[in-house]
Amino acid sequence: MATGTTANFTIKRNTIVEQALRAVRAVKPGVQPDFNQMRDGVLALNEILREEDQDQTGQKRSLWALSDAHIFLAVGQYRYTTTEGLGSNVQDIVSLSFRDLGGADNPMDYISTLQYEALSPKNEVGDPTKLYLEPNHLSLSSQAALVWPVPSSIGTTSEVTGTDALNYSCILKHTSIALTRPITGAAYRNFWTQTGSAGSTWVTDTDYTNGAIIRMKYKRPLFDFDLADDDPDLPLGWGNYLKWRVAVEIGPSFKMKPEELMWFERQVEKAAIKLFPNTRAKTTDFHNKGMFF
Amino acid sequence: MIYSALRDLVRTKLGQPDLDPTELDLFCDGGRHELESRGQYYFNAGLKDHTLVSGEGNYSLTSTPSGPNASAANGFNLTSYKEHRSLFIRDVAGTAWLGLPIGSWQSGLDMLPTTSAKPQMAVVENETLWFVPTPNAAYPVKLLHWNWSANPAAGTSTDEILTRWYMALLYAACWVGRKYITQDPNAGKDFEELMLEQVELMKEFTNRRMREPVNKISTSEAATILQASGGEK
């Protein structure tokens, strides 16, 4: 194996659970665990993943799980759903901007319920400056974005057919060249997004226009461990953390002693410190950590 | 040792020179069964490479035809199948084997999809091996298993037990024979103890030779065996 290049080591769902089962001495070395033993571990691992998913929002959001979306605005419409381009899995908004008809981006504020309620009138007309996401954590695809204000003119969104026969809508006005053609042009993602219903044939040297849109960067939920060979939706290095957490969860089922479980919990803490080194002091001198972190 | 020599020794040891040959075979077969029902031994180990059939979830372990709901000849055909050791699966074009845990229906049926997909679990039900969910492609699988062995058909033949562990089989056959002749469940305790001593030797040797602690030994012993082999710590 070459050193200094990207690691090719991967860890699978069943490997993590199997390691945890060995840690709690449920499986002897050299013996394959059966599914009766793995079941609790698989369930625990998915619970842990969902906990991490909830935890990794706000300032702690996982930067590897970001997605983007474009909401296509309509005159007089203040509430937008997945039909207009809102992502179906928006868990936590990272950034927002309003792209005007000239293609310029204008930062927007992501506001809370109270802040939205304080806005008046709700049907203000103008360039959007604020967005409130109606939360629905039971069904992320049922959420809605409330935009304030809404422009009186939204322009025209060009729509073409990509070389993959799907429809693409323009998100940035431009004059087409081969480089911008969906999906063979190297730069097409800057100008088109895959949505729409009635695309015309793409033609080079044509002026395509974007309508009024809101660009959104958001954190999506982490992917479940559905299959035995699913990789964690977490970067390399999280394997030990997950293994020890599963061991803590399933330990009582395998008659681990309280002191052994405490030792596992210590391993979880140590693994977490390795993952997030900024949670510990960077010097051995005595000082008030609260002043620095 | 050839099989007929063992039969002569059993007859002599039991002090029954006029034993019917059928009874003698019964003692030897019963003795072998007593040995193999008490543990797994290296000479019982087997490995079967097989390819699953898309849309077919159940496979006969012991015969050629597939399970009860299928007629195609896709069974594992392991006529002496005793018990599984472990099972592996890989993607059709994949290069890495992944362990496929064997479990009970209760443990996995409520967690797994009903649509065809890459199997996540296997269930052994009588002589049928089920793959759940039903495979959606021709996945290669590797079944490591244990077989029952049998005494040779010919008196002049031999096998691993008769060659290396003949005392175990002799004591086992005598124990079975003594109980049979006396119709006393407590008879032949001396033979039983001698047999059990041999069984422990066979188990220990199997664990050491195969680096696979399949027989009942403590976890620390298993770890010692594996560490000695440079294997898993």
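Helices (H or I, at least four residues) and strands (E, at least two) are DSSP runs, numbered from the N terminus. By these terms, Gln183(B) is found in the loop between H5 and H6 of chain B. This is a predicted model, in which local features need pLDDT of at least 70 and side-chain atom pairs count only at pLDDT 80 or more, while totals for chains, interfaces and linings use all residues. Residues are numbered from 1 along each chain as its sequence is written, and chains are lettered from A and ligands numbered from 1 in the order in which they are written.

**Overall organisation**

- Chain A is assigned domain 1 (13–59 + 223–277) and domain 2 (66–219), with bounds that come from an automatic or database domain assignment.
- The C-alpha centres of domain 1 of chain A and domain 2 of chain A are 39 Å apart.
- Chain B holds 7 helices and 7 strands, in the order α-α-β-β-β-β-α-β-β-β-α-α-α-α from the N terminus on.
- Of the 233 residues in chain B, 33% are buried; a residue is buried if 20 or more other C-beta atoms lie within 10 Å of its own, exposed if 12 or fewer, and partly exposed in between, with C-beta atoms placed from the backbone.
- Among the contacts in chain B with a separation of 6 or more, 56% join residues 24 or more positions apart; two residues are in contact if their C-beta atoms, placed from the backbone, lie within 7 Å.

**Helix H1 of chain A and the contact between the chains**

- Helix H1 (residues 13–23) of chain A is mostly covered, with 8 of its 11 residues buried; among them are Ile16(A), Val17(A), Ala20(A) and Leu21(A).
- The buried residues of H1(A) pack against helix H2 (35–55) and helix H4 (239–250) of chain A, and also against strand E4 (98–99) of chain B.
- The contact takes 17 residues from chain A and 22 residues from chain B. On the side of chain A that touches chain B, H2(A) gives the most, with 4 residues.
- That side of chain A divides into 7 nonpolar, 4 polar and 6 charged residues; Ala, Val, Leu, Ile, Met, Phe, Trp, Tyr, Cys and Pro count as nonpolar, Asp, Glu, Lys and Arg as charged, and the others, Gly among them, as polar.

**Helix packing in chain B**

- Helix H5 (residues 166–182) of chain B packs with helix H6 (residues 189–210) of chain B at an angle of about 145 degrees, their axes 8 Å apart. Axes are lines fitted to C-alpha atoms, for helices over the stretch in contact, and angles run from 0 to 180 degrees between N-to-C directions.
- H5(B) and H6(B) cross in the left-handed sense; a crossing is left-handed if the near helix is turned anticlockwise from the far one by less than a right angle, and right-handed if clockwise.
- The contact of H5(B) with H6(B) includes Tyr171(B) and Trp175(B) of H5(B) together with Phe191(B) and Met195(B) of H6(B). Its residues divide into 11 nonpolar, 1 polar and 2 charged.
- The axes of helix H2 (residues 21–36) of chain B and H5(B) come within 7 Å and cross at roughly 115 degrees, and this crossing is right-handed.
- Among the residues in the contact of H2(B) with H5(B) are Gly30(B) and Gly31(B) of H2(B) and Ala172(B) and Trp175(B) of H5(B).

**Strand pairing**

- In chain B, an open sheet of 3 strands has the order E2-E6-E5, with antiparallel pairing; two strands pair if DSSP finds at least two bridges between them.
- Strand E2 (58–60) and strand E5 (121–125) of chain B stand at the edges with a single partner strand each, so one side of each is left without a neighbour in the sheet.
- E2(B) and strand E6 (residues 128–132) of chain B are joined by 3 bridges, and Asn58(B) has Trp130(B) as its bridge partner in E6(B).
- Strand E14 (residues 213–219) of chain A has 5 of its 7 residues buried.
- E14(A) pairs in the antiparallel sense with strand E1 (residues 66–72) of chain A over 7 bridges, and strand E3 (residues 92–99) of chain A also runs antiparallel to E14(A), with 7 bridges.

**Backbone exceptions**

- Most residues other than glycine have a negative phi, and most peptide bonds are trans.
- The peptide bond from Pro182(A) to Ile183(A) is cis, with omega near 0 degrees.
- The peptide bond from Val132(B) to Pro133(B) is cis, with omega near -10 degrees; Pro133(B) lies in the loop between E6 and strand E7 (140–147) of chain B.
- Asn77(B) has a positive phi of about 60 degrees and is partly exposed, with 16 other C-beta atoms within 10 Å.
- Gln183(B) has a positive phi of about 55 degrees and counts as exposed, with 7 C-beta neighbours inside 10 Å.
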